[in-house]
Every structure is written in C-alpha cells, then in structure tokens.
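Here are a few friendly notes to read beside the model. They begin with the domain interface and then turn to some side-chain pairs.

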Amino acid sequence: MQYIILSPCMGIKYLIDEQYFESWSPEMAYILGFLYADGSLENAPKLRGKYVRATSTDLEVIKHIKKSLRSEHRIIIIPSFRKRKERYLFRAGSHVLFDSLTQHGLFPNKSLSMKFPKNIPSNYLSHFIRGYFDGDGCVHLSQARNREGALLVKRLGVVFTSGSELFLKELEREIRNVLNIKKRNIYKSRRSFQLRYSTTDSIELFTLIYANTKNLFYLGRKKEIFLRYFKLRPQRINTNIGKMLKNM
C-alpha cells in the first residue's frame with residue numbers, strides 16, 4: 001500500500017492499495033466487473049494525473065469499493081437532477097492503479113468499444129459477472145392478478161446492458177459455455193445494447209451469479225427479487241437452488 005498525492009500544490013495524500021488489481025480474488029473480480037459496468041478511467045495530462053472512477057446510485061457498493069481498496073479518498077455525492085437519481089462517486093488518482101486496470105482491458109472512454117476481458121481465471125468468472133450485473137444488469141419480476149384477485153407470477157427476467165455490442169456478445173458466449181444454455185440474441189435499444197434472458201435461463205443465471213457468495217459482497221436488492229420469485233414459485237426450486245438457499 002502506498003500514499004497517492006492528489007494535489008502536489010497542497011500536498012494532500014490519500015492512502016490506497018495500488019497493488020489491488022495485481023492478484024485475483026473473488027472480491028477483486030467483482031470490483032473489476034463493476035468497473036466494466038459503472039467505472040471509468042480518466043487520463044488528465046494537463047493535471048498530470050490518471051484517475052479511476054466508479055459511480056452508482058447504490059452507496060453501499062461505492063463504500064465497498066473504497067473499503068476493499070483501503071482508500072482514504074472521499075466519496076462525492078452527485079445531487080439528483082431532473083429524472084436522474086442522486087449518485088455517488090469514488091475517484092482515486094493513481095498512475096499505478098490506472099495502468100493495472102488497462103492490463104485487464106479497461107481504457108478511457110470505453111463505453112462503446114470495450115471487449116470482454118480475456119484473462120479472467122475460470123474460478124473467478126462468476127464473480128466478475130456478478131460485479132457487472134450489479135452495475136449494468138437488472139432482474140425483473142412480472143406479476144398480475146387473476147379474476148379472484150390472487151397474485152400470479154408471470155415471468156422472471158434478467159437483462160445485461162452495455163454500449164458495446166461486442167462486449168455483450170462475448171459475455172453471452174461465456175455465460176452460455178458455463179451454463180450450457182441456448183444462444184441469446186443481442187438487442188439494440190435507444191441508447192445501448194441489451195442481452196436478455198427469459199425465466200428458465202434467469203433461474204440458471206441465479207445459480208451462476210450467487211454461487212459461493214455467503215461471505216462476499218453483492219447488492220441485496222437485486223438478489224431479493226430472485227428470492228421473491230422462488231418464494232412465489234417454490235416449484236421452480238431444484239436441488240441445486242435448494243442447497244444454495246439454505247446456505248444463504
């Protein structure tokens with residue numbers, strides 16, 4: 001761990017673990033996945049600085065990144081504006097961290113042209129996908145009521161979003177290879193591309209995203225939607241999912 005000088009003029013120093021992304025771990029893979037979704041690299045030559053940024057409307061994930069990197073940098077609040085919710089920004093200046101993340105495939109202005117990283121060890125792939133899912137993924141539960149007013153569950157769905165069609169194509173291939181499910185198409189929305197999964201495949205994704213996460217970080221509000229589905233449709237709980245639910 002080393003001190004990073006944020007402002008040479010003021011001599012302000014913030015502690016951060018510059019070697020964090022040099023060794024693979026479940027948490028490192030998760031944060032890398034989140035940075036692929038809601039992170040960015042900022043090269044500011046006029047300031048002679050290179051920065052790592054992460055933004056989210058979920059304060060807990062930004063706090064988790066700050067804690068994992070053992071950083072003393074402040075979390076900045078970005079106020080809500082019109083239809084945009086309040087967001088939280090973690091921004092750390094470090095040439096070493098910046099360069100380390102470029103080795104994992106990240107680069108400035110990545111949104112439209114990033115590719116799926118090639119160097120993820122197979123035992124950390126699910127953690128990377130969970131990190132990306134917590135950033136640019138969503139799960140939704142479609143419900144309706146019958147004539148008697150009873151609540152019915154119609155479907156469960158998972159969507160991954162990206163500005164890069166190529167990234168989603170490669171993500172789809174990785175998921176398909178692990179889960180042995182059918183190939184999915186990539187859809188063009190107004191401002192981005194989407195990879196969509198229907199109920200059966202979304203259930204399989206649950207087993208990938210949340211396997212072996214008992215003591216690991218994830219956004220609880222997204223996992224809770226899966227759990228609500230299983231509570232309403234217990235017949236969809238197979239042996240594998242049953243074991244996972246008991247260990248959560």
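How many salt bridges are there between domain 1 and domain 2? The count is one salt bridge, a term that here means a side-chain nitrogen of Lys or Arg within 4 Å of a carboxyl oxygen of Asp or Glu.

Please keep in mind that this is a predicted model, in which local features need pLDDT of at least 70 and side-chain atom pairs count only at pLDDT 80 or more, while totals for chains, interfaces and linings use all residues. Residues are numbered from 1 along each chain as its sequence is written, and side-chain values use heavy atoms, with hydrogens and water left out.

1. **The two domains.** The domain assignment gives domain 1 (26-111) and domain 2 (135-247); such bounds come from an automatic or database assignment. The C-alpha centres of the two domains are 25 Å apart.

2. **Their interface.** Twelve residues of domain 1 are in contact with eleven of domain 2, where contact means heavy atoms within 4.5 Å. About 960 Å² is buried between the domains, and carbon and sulfur atoms give 58% of this area. Buried area is the accessible area (1.4 Å probe) that two parts lose on being put together, summed over both.

3. **The bridge across.** Asp 58 forms a salt bridge with Arg 221, with the closest N and O atoms 2.8 Å apart. On the side of domain 1 that touches domain 2, helix H1 (26-38) and helix H2 (59-68) each supply at least two residues, and H1 gives the most, with seven. Helices (H or I, at least four residues) and strands (E, at least two) are DSSP runs, numbered from the N terminus.

4. **Pairs within helix H5.** Glu 165 and Lys 169 form a salt bridge at 3.8 Å between the closest N and O atoms. They are separated by about one helical turn, because they are four residues apart in H5 (residues 165-179). Arg 176 and Glu 172 also meet in a salt bridge (2.8 Å, N to O). In that pair, Glu 172 is buried at 3% relative accessible area, whereas Arg 176 is partly exposed at 22%. Buried means under 20%, exposed over 50%, and partly exposed in between (1.4 Å probe, protein chains only).

5. **A link between segments.** The side chains of Arg 184 and Asp 201 meet in a salt bridge (3.7 Å, N to O). Arg 184 lies in the loop between H5 and strand E9 (186-188) and Asp 201 in helix H6, so the pair ties together parts 17 residues apart in sequence.
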